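Please examine the model shown below. The account that follows takes up its loops, its metal site, its packing and one of its pockets.

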Amino acid sequence: MTKSDAAKLSPLIRTRAQLEEVERQSLAGFAQKSGDSAGRVHRESPHPHRTGYQRDRARVIHSRAFRRLEYKTQVFLNGVGDHFRNRLTHTIEVASVSRSIARALALNEDLAEAIALAHDLGHSPFGHSGEEMLDELMKGHGGFEHNLQSLRIVETIEQKYPRFAGLNLSFEVIEGLKKHAKFYDPPEKEGTPRGEIYHSPSLEAQIANLADEITYYSHDLDDGLEAGLIQPAQLEELEIWQTCLKLVRKQFPGLKGSALHAYVIRCLIDYQVEDVIRTSAESIEQSGVQSAEEVRRQPKPLIRYSTELLQANRQLRKFLYQNLYYHPRVAGANQRACEMLRDVFHIYLEKPVLLGKTTSLRLETDGLHRTVCDYLSGMTDRYLIEEWTRLSRA
Ligand code: MG
């Protein structure tokens, strides 16, 4: 008995068609419904009881690149403290914030979540310092950028399905990963005029994009405080901190020390999420968009912060760059790790025979530099350190 036969037989199992109908009935007109998807590059038969985006989400979670996020640096080198965020916990926080915003605006939670879960798959080991180093090493060979690498992973590198390379995700998830693309490709779907240039992705993609920022602003502050690299007194200069501090003091006047800071961080996320929900609801209403296609024709994203919060976040971002990302304790450790990355890169360039059997198969199509770059960027922090130790002893 096939899965679809089973679904037909039991009235207890909700079918995909029923789930798509639930979306049509419960989501806003401008939400991206899974039943209206432009589909996948490689045609596949629809699942009997899961929507396309639920399937995409599962494909991302079951990918190798997703599992490796656990051992990749967010800001603090992986392994230096058990409480600090890593790429995986960051990703889960982004997915959670994305779902909250999507739900409040009657948008497609599954799509927003699938994009959020995939958004950092392309990060190299050692965070942004690792990315800069790889980009430098790839000068003249196409460079390295983590957003493009996330796309490369889901479109080419993951090898799991017999009929195609990559995960064959829905167009709308891929669209959401083209974060810094100037224009978004139009879906090739009947009724959509070919060659039309879209300026914005779906609202669900815009949510995942902003949720990423909201999440790292607050958790990097949290980790910076926990590590003792940021002193609570320094935060007083931040407008957003002051605003949230006032709110917390009103509610819990006796709260002090780390309990106070932990609760202010919690409120900071809440404050940002509420601001985005409120402001975006207004901008969606003012734009008059009625469908997901009309959203894509908008000149600017409709999911946004209020002007006041945008200003406050610019100040916060500057603060984090000045006081955390380039702090000697963060930058120094990352610098040493990046030197290892550079050494291992050169060793592989000189001796491609050291690349694994599966990786070597790509040499012919992708060339030596790109193959080495893909291989290294996929490594976790700890594996790269192990490789460096092993290869430099050889
Ligand atoms: Mg991120």
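Predicted model: local features only at pLDDT ≥ 70, side-chain atom pairs only at ≥ 80, totals over all residues.

Although A106 is not a glycine, its phi is positive, at about 55 degrees.

F126, which is not a glycine either, has a positive phi of about 65 degrees. The loop that holds F126 runs between α6 and α7 (127-137). Is F126 buried or exposed? With a relative accessibility of 0%, F126 counts as buried.

The metal site comes next. The magnesium ion is coordinated through NE2 of H90, NE2 of H119, and OD atoms of D120 and D212, at 2.2 to 2.5 Å. Along the sequence, these donor residues follow the spacing H-x28-H-D-x91-D. H90 belongs to helix α5 (residues 87-104) and D212 to helix α10 (residues 203-226), so this pair ties together parts that lie 122 residues apart in sequence. Both H90 and D212 are buried.

What does I101 contact beyond its neighbours within four places in sequence? The partners of I101 are I207, I214, V273, V276 and I277.

The last feature is an open space in the protein. Rolling a probe the size of a water molecule over the atoms shows where empty space is left. The second largest pocket has a volume of about 580 Å³. It is lined by 21 residues, of which R64, R68, I157, T359 and Y375 are the closest to its centre. Four helices, α4 (64-68), α8 (146-157), α17 (357-360) and α18 (363-377), each supply at least two residues of this lining. The largest share, four residues, comes from α18. By residue class, the lining of the second largest pocket divides into six nonpolar, nine polar and six charged residues.

Definitions and conventions:
Residues numbered from 1 in each chain as written. Heavy atoms only, no water. Donors = N, O, S within 2.8 Å, 3.2 Å for Na, K, Ca; no water. Buried < 20%, exposed > 50% of the residue type's maximum accessible area, 1.4 Å probe, protein only. Contact = heavy atoms within 4.5 Å. 1 Å grid on protein atoms, 1.4 Å probe; cavity = no way out; pocket = protein on both sides within 12 Å on 5 of 7 lines; lining within 4 Å. Points joined across faces, edges and corners; volume = space filled by probe spheres on them. Nonpolar A, V, L, I, M, F, W, Y, C, P; charged D, E, K, R; others polar.
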